[in-house]
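The sequence and the model are shown first.

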Amino acid sequence: MKIVLATRNRKKVEELQRAALGRSLELVTLDAYPDCPDVVEDGQTFRENAIKKAVAVARFTGCAALADDSGLEVEALAGRPGVHSARYARVGATDSENVARLLEELAGVEESARQARFVCVLAMAGPDGRVEIFEGTVSGRIGYTVTGTNGFGYDPVFFPEGEKRTFAEMEGREKDAMSHRGRALASWVAALDRWLV
């Protein structure tokens, strides 16, 4: 089965490929479809954005498409950055710029009030319009400084609940076992047989 991964983010692609290891799937990215138009992520929720991307890519390519929308919700910031996680500092911001803004906004906030959670919503869409949703979350807290060099996004400042290391200090498979995307992907893999008939 051919599935188009509706992303050009190499780190996300690596996580998706690890999750699907051992399955007879052909996974391709949007790099294989350079003419596929970018989908504007203007939804109010992760779910809306994921569905919009998956449906648009499935229609354009004529193949099943898997789209992800994910982000960080910080309690002390009333749930921000949320759906704006990738562009929190500004449109086109780098990961380090987004992290810097987050840490700046949390300056002076005590550790007990730095709770946060990562959210991932995956949408699988077929060219026939069929859509299925898979979700995963992981709770934790935001640290005070950038720690670790693995991962991407807010991984260097996010400590999963019960852990003394950030996601960026973990190896890929270790992070996958507890991350929001890892949990959503596990549900997706379990549902693949429904898509193969």
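## Strand β6 and its partner

In β6, F159 is the bridge partner of R141. Strands β5 (residues 131-142) and β6 run antiparallel and are joined by three bridges. Helices (H or I, at least four residues) and strands (E, at least two) are DSSP runs, numbered from the N terminus. Two strands count as paired if DSSP finds at least two bridges between them.

The model is predicted: local features need pLDDT of at least 70, side-chain atom pairs count only at pLDDT 80 or more, and totals for chains, interfaces and linings use all residues. Residues are numbered from 1 along each chain as its sequence is written, and side-chain values use heavy atoms, with hydrogens and water left out.

## The sheet

The order β2-β1-β3-β4-β5-β6 describes an open sheet of six strands with mixed pairing. At its edges are β2 and β6 (158-160), each of which pairs on one side only. On average, neighbouring strands of this sheet are turned by 35° against each other, direction ignored. Axes here are lines fitted to C-alpha atoms, for helices over the stretch in contact, and angles run from 0 to 180 degrees between N-to-C directions.

## Strands β1 and β2

Strand β1 (residues 2-5) and strand β2 (residues 26-29) run parallel, joined by four bridges. In this pair, K2 stands opposite E26 in β2.

## Helix α1

Helix α1 lies across β1, β2 and β3 (64-74), and runs at about 170° to β2. Contact means heavy atoms within 4.5 Å.
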